Amino acid sequence: RTRAVMAGSASSAAVMRVRQAEAPESARRRARAAAWARKVEGIVGALYNLGAHLMKLLLATGNEHKARELGALLGSLRLELATLKDFPAVPPVVEDGRTLVENAVKKALEPAMATGLWALADDTGLEVEALGGRPGVMSARYAGPDCDFAANCRKLLAELEGVPPQNRRAAFRTVVALASPQGMVQCREG
């Protein structure tokens, strides 16, 4: 888990200060990539332990940046990688799960079954201890279905008003799911 502390008030633009010595954005990006690598390696290792021999893997994302990061992390596995952009007929997955696990599984399973390829997907949420784990699975749309990052931050900070900084502990939690076209799913989280 990446530990963070929520900083500021509802009117402040600064929302989060990473406790890890306020690492620069590039260091945070490298840390997230390394955490992803560990999760992905574990899940692909689990797949190989099941006896499956992947030739092509669908990265169940349309996010080009995420696909490039994952491609670099998976480069040593000699897999042919595809993304959802390679399959425009596959409908977008509706993220209506009540948990990160439900969403990650759905985001991997539906494209796997639609394309006939093994698929890798994730879901990530910010869990704030003082808010009982909210926003969690709703992190991206915490302030409403068409909200932006700033609106989510304003809502989060408004709910944290009056909570002392030392009690604003939070963690990002990610669930990675690997699904076969036949419906078999493996998950890892951290």
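Colleague: Is C187 buried, partly exposed or exposed?

Modeller: Buried means under 20% relative accessible area, exposed over 50%, and partly exposed in between, using a 1.4 Å probe and protein chains only. C187 has 29% relative accessibility, so C187 counts as partly exposed. C147 is also partly exposed, at 21%. This is a predicted model, in which local features need pLDDT of at least 70 and side-chain atom pairs count only at pLDDT 80 or more, while totals for chains, interfaces and linings use all residues. Residues are numbered from 1 along each chain as its sequence is written, and side-chain values use heavy atoms, with hydrogens and water left out.

Colleague: How many disulfides does the structure hold?

Modeller: A disulfide is a pair of cysteine sulfur atoms within 2.5 Å. The structure has 0 of them. For C147, the closest cysteine sulfur belongs to C153 and is 9.8 Å away, which is too far for a bond.

Colleague: Where does R134 lie, and which residues does R134 touch?

Modeller: R134 is in the loop between β5 (118–128) and β6 (135–136). With a relative accessibility of 39%, R134 is partly exposed. Contact means heavy atoms within 4.5 Å. Leaving aside residues up to four places away in sequence, R134 touches L126, E127, V128, Y142 and E159.

Colleague: What does the side chain of R134 make with the side chain of Y142?

Modeller: A polar contact, at 3.2 Å. The term covers a pair of N or O atoms within 3.5 Å; within protein, one must be able to donate a hydrogen and the other to accept it, and residues adjacent in sequence count only if both atoms are side-chain atoms.

Colleague: Which charged end sits over the ring of Y142?

Modeller: A charge sits over a ring if NZ of Lys or CZ of Arg is within 6 Å of the ring centre and within 35 degrees of the ring normal. Here the charged end belongs to K155, and its distance from the centre of the Y142 ring is 4.5 Å.

Conventions
Helix = DSSP H or I, 4+ residues; strand = E, 2+ residues; numbered from the N terminus.
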